[in-house]
Every structure is written in structure tokens, then in C-alpha cells.
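Subject: Structure for your review

Hello,

Here is the structure we spoke about, with notes on what was found in it. Please look it over before you set anything up with it.

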Amino acid sequence: MIKGWRELKIGGVITEPGSSEKYNTGEWRAWRPVFEADKCVNCMLCWVFCPDSSILVEEEKMVGVDYDHCKGCGICAHECPTNALEMKPEYLFREED
Amino acid sequence: MAQVKAAEIKIPPLKKLTNYPEKLAPGHRLCAGCGASIIIRQMYMVANALGYELIIANATGCVEVCTTIYPYNSWKSPWIHNAFENAAATISGVEAAYKALKRKGKLPTDKKVKFVALAGDGGTYDIGFQSLSGALERGHDFIYVCYDNEAYMNTGIQRSSATPKYANTTTQPVGSESLGKPQSKKWLPVVAAAHGIPYVAQVAPSHWKDFMEKFKKALLTEGPSFINAFSVCPRGWRSKEEEGILVTKLAVETNYWPLFEVENGKWRITYKPRNPKPVEEYLKMQGRFKHLFKPENRRLIEEFQAEVDNRWEWLNHMEEMGEEKC
């Protein structure tokens with residue numbers, strides 16, 4: 001939520017580092033990378049090439065995609081050596097459309 | 001001494017790097033498939049693994065604008081923006097102040113800190129050129145990273161001195177009277193090397209191992225280093241978003257973007273493609289070079305190829321000269 005002028009710091013200073021996490025760039029997406037864990041070999045190439053820090057990794061294993069921030073550029077699916085990521089049209093996953 | 005140190009310190013494998021926290025928060029508003037944020041993330045991967053805190057001075061440009069749209073901020077490390085032309089001058093001041101405060105005992109002396117100036121090609125090749133040159137000459141302990149997307153992409157694809165020959169830009173559009181930019185691309189890493197600074201390198205994020213190795217060397221170098229990074233721009237180059245890394249790879253494989261370094265005056269090409277591809281394969285991925293593929297313009301591709309070959313030959317020559325000296 002955007003703050004009103006009463007809640008803002010003097011001078012409009014932003015005091016919270018990395019607050020853009022609250023901004024949902026996932027809305028931009030027209031294509032969605034869908035992850036199939038069975039095919040994944042955890043090479044981490046998707047992670048090293050992702051422009052939006054949206055590849056979720058837990059304990060050195062790729063576990064999925066952060067759909068709140070992924071803009072759907074498709075680099076991860078294009079670079080994946082085992083086709084564990086596949087780009088599918090976003091409308092298939094959105095109920096409101 | 002510094003060389004031995006660099007060889008001893010190893011960057012952990014990719015899997016281990018995932019254990020460190022992400023320092024560039026998602027939610028920044030760079031275009032989908034932007035190369036610049038890949039470069040910044042890879043910079044942080046190395047810095048995290050070696051325990052360095054990066055202090056960044058950002059010139060005006062895509063990264064500065066998109067990561068700090070009010071009231072949000074994507075940075076999890078100290079960051080400053082001043083103006084378009086003075087990223088290098090700003091980081092010089094920050095570095096000098098840090099040194100002075102450390103000397104007076106007001107800041108801890110055991111912290112591993114590295115100062116980084118981050119700018120696009122407009123803020124480096126054109127507008128910030130004099131402040132870059134000044135900072136390199138004064139010998140501040142910092143790394144200058146240029147993410148080179150070959151035009152003023154933030155304001156709408158205006159030509160810069162980093163734009164390659166015959167590229168279509170909004171200020172030199174292709175039409176009946178024009179074939180795009182008539183001038184060649186300025187070869188900035190060579191100009192930076194002419195300052196006699198300890199470390200200059202050209203990198204591409206598709207070759208991330210080479211990228212990280214070079215950024216590590218820059219981190220461990222005392223004094224100024226300059227890194228020129230290939231930053232794909234799907235919007236401005238009219239290339240496909242998902243092919244960003246492929247375009248970057250082709251730029252390297254065709255010798256358009258050679259990966260080299262200059263360490264204390266010694267030139268070395270760090271990656272030599274076994275069978276260099278014709279530059280045509282790189283050009284045809286991008287809409288900004290579409291007009292070159294008309295039958296009447298084929299000679300322009302040959303001319304482009306000749307220039308790429310010339311620069312590659314010159315680099316090889318510089319490398320051989322270094323070997324003779326040693």
C-alpha cells in the first residue's frame with residue numbers, strides 16, 4: 001500500500017532496504033514458467049540467469065518460481081538444459097480473465 | 001603478490017552460491033529479460049561468497065530509475081545516486097571519506113568493503129567519461145562497472161557512442177536517407193586500459209564463470225578497476241526476451257564482444273571461440289539490424305565483419321606482445 005503524507009518520513013526518505021519486494025511485478029507476465037521437479041537436475045542455470053531474483057532455491061535445490069515477481073521473460077525456460085521449465089500462457093492460470 | 005592471492009581464493013560452485021542472501025530485491029521495474037539485473041546479481045554472488053560488502057554509486061540510467069521508484073527501493077546494500085555524469089566522482093568521494101573516517105578510528109578497520117560505481121553506457125562512454133577518467137587517474141580503490149546496452153535505453157533508444165555501426169536508433173533511424181548510425185562503436189575498455197590502471201576486463205553474463213572470476217580479481221585488486229559488461233536490451237535491440245542469454249552468447253562466439261582482461265598492463269584473451277561464427281548470426285537476432293539483410297545492403301554486413309575481425313586481430317596482437325615481454 002502507498003503511504004499517505006502523514007506516515008512518510010521527512011524528506012520522503014525510504015528507510016526500508018529492499019522494499020520493492022512488496023511491489024508485484026508478477027502482474028506483467030503474459031507467459032508463465034511452469035516447473036516440473038522430476039526433470040530438474042539442480043544445475044542452477046535458471047537461478048544464475050534470472051533477471052528478477054525469482055527462482056526459489058531451498059537447501060541447494062530448485063523448488064519453484066516466485067510468481068509475485070517473475071515477469072515471464074522466459075530466459076529460465078530457454079536456458080534450462082533438461083526442459084524442466086516450460087512457458088505456458090498466463091491466462092490458463094488466472095481465474096479473473 | 002596480488003596474483004597469488006587471487007588464485008588461492010576460489011569461488012564456490014553455483015549450488016553453494018545459492019545459500020547466500022539475495023542483495024538485489026525483486027520487484028524492481030526493469031523490463032522483462034533485462035541484462036543489467038543479471039549482471040548486478042552475478043556481482044553480488046561473488047561479493048557474498050568472498051564476504052565483501054559492496055557500496056554502490058549509481059549513475060542515472062535504467063538501473064537507477066527502475067530500482068528506486070518511490071516509495072520502493074530494491075537495494076539491500078549501501079547505495080547512492082548523485083547525477084548522470086558523476087558516478088565515478090561520487091564514489092571517489094565516498095571512498096576517500098571512508099578512508100579518512102577509518103584513519104580517525106570512527107569506523108571498524110576489519111570490515112571487507114568494496115566501492116562500486118555502476119553506470120550504463122551513456123553514463124560511462126559519453127556523459128560520465130571525464131569523471132571516470134579522473135577517478136581512474138587519481139587511483140581510488142574502486143570498481144567501475146559499465147552495463148553496456150549500446151544506447152540510451154532509459155529515455156527511448158537514442159544513440160550513444162557505444163551504439164554499434166548501422167544500428168537503428170530513434171535519433172539515427174533507418175530510412176531512405178539513412179542506414180542507422182554511421183560511426184563505429186567507441187572501444188572504451190581499451191581507453192580505460194590506457195590509463196595504466198591495475199585491472200580492466202570485458203565480460204558477458206552468459207559466460208558467468210568467466211564473469212565471476214574477473215569480478216573476483218577486481219574485488220581483490222587494490223586501486224581502480226574497470227569492467228565492461230554486455231547487457232542485452234530486448235526492448236531497444238528488438239530481440240526476443242527469452243533469447244537474451246543466447247544473444248549474449250552469440251556476441252561472444254562471433255568475436256563481436258571478446259572476453260579479455262588487462263592485468264597490470266598484460267593483455268590476455270580469456271575465451272577464444274574454437275570456430276568463430278560469422279557476425280551475421282549475431283546481427284540477425286536483432287530487429288535493430290534488420291535493414292542490413294536487404295539484398296542491396298549485404299555489403300554492410302561484410303563491412304561490419306571486417307571491423308570485428310580487425311579488433312579481434314588487434315587484441316590477439318596485444319596478447320602476443322605481453323607474452324614476448326615476460
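Glu79(A) touches Leu45(A) and Phe49(A) in its own chain and Ile245(B), Leu246(B) and Lys249(B) in the other, leaving out residues up to four places away in sequence. The model is a predicted one. Glu79(A) sits in helix α2 (residues 75-79) of chain A. With a relative accessible area of 10%, Glu79(A) is buried, because the cut-off for that class is under 20%.

The contacts of Glu79(A) in chain B include Ile245(B), which is one of the buried residues of α11(B). This helix covers residues 244-253 of chain B, and eight of its ten residues are buried, so the rest of the structure largely encloses it. The buried ones are Gly244(B), Ile245(B), Val247(B), Thr248(B), Leu250(B), Ala251(B), Val252(B) and Glu253(B). After α11(B) comes Asn255(B), with a positive phi near 70 degrees.

Ala251(B) belongs to helix α11 of chain B and is buried, at 0% relative accessibility. Apart from neighbours within four places in sequence, Ala251(B) is in contact with Phe230(B), Tyr256(B), Trp257(B) and Tyr282(B). From Ala251(B) to Thr109(B) the C-alpha to C-alpha distance is 42 Å, and the two are 142 residues apart in sequence.

Contact between the chains

How many residues does each chain bring to the contact? Chain B gives 40 residues and chain A gives 35 residues. The area buried between the two chains is about 3400 Å², and carbon and sulfur atoms give 60% of that. On the chain B side, Pro26(B), Arg41(B) and Tyr72(B) lose the most area to chain A, together 19% of what that side buries.

Cysteines

There are zero disulfides over all chains. The cut-off for a disulfide is 2.5 Å between the sulfur atoms. Cys80(A) is also buried, with a relative accessible area of 15%.

Cavities

Rolling a probe the size of a water molecule over the atoms shows where empty space is left. The count comes to five cavities of 30 Å³ or more.

The largest cavity has a volume of about 200 Å³. It is lined by 15 residues, and those nearest its centre are Lys185(B), Tyr256(B), Glu307(B), Val308(B) and Arg311(B). Tyr256(B) is also among the contacts of Ala251(B). Helix α13 (residues 298-325) of chain B supplies the largest share of this lining, four residues. By class, the lining of the largest cavity has eight nonpolar, three polar and four charged residues.

The second largest cavity has a volume of about 130 Å³. Its lining is made up of 15 residues, with Gly61(B), Cys62(B), Tyr152(B), Met153(B) and Asn154(B) nearest its centre. The largest share of that lining, three residues, comes from helix α6 (residues 121-126) of chain B. By class, the lining of the second largest cavity has six nonpolar, eight polar and one charged residues.

Backbone points to check

Most residues other than glycine have a negative phi, and most peptide bonds are trans. Some places in this model depart from that pattern.

Met44(A) has a positive phi, near 70 degrees. Met44(A) lies in the loop between β1 (31-35) and α1 (45-49) of chain A, and at 1% relative accessibility it counts as buried.

Ile157(B) likewise has a positive phi, of about 60 degrees. Its place is the loop between β4 (142-148) and α8 (188-193) of chain B. Ile157(B) is buried too, at 8% relative accessibility.

Which form does the peptide bond from Tyr70(B) to Pro71(B) take, cis or trans? The bond is cis, with omega near 0 degrees. Pro71(B) is found in the loop between α4 (62-67) and β2 (79-81) of chain B.

Regards

Note on methods. Residues numbered from 1 in each chain as written. Chains lettered and ligands numbered in written order. Predicted model: local features only at pLDDT ≥ 70, side-chain atom pairs only at ≥ 80, totals over all residues. Heavy atoms only, no water. Buried < 20%, exposed > 50% of the residue type's maximum accessible area, 1.4 Å probe, protein only. 1 Å grid on protein atoms, 1.4 Å probe; cavity = no way out; pocket = protein on both sides within 12 Å on 5 of 7 lines; lining within 4 Å. Points joined across faces, edges and corners; volume = space filled by probe spheres on them. Helix = DSSP H or I, 4+ residues; strand = E, 2+ residues; numbered from the N terminus. Nonpolar A, V, L, I, M, F, W, Y, C, P; charged D, E, K, R; others polar. Contact = heavy atoms within 4.5 Å. Buried area = accessible area lost by both parts, 1.4 Å probe.
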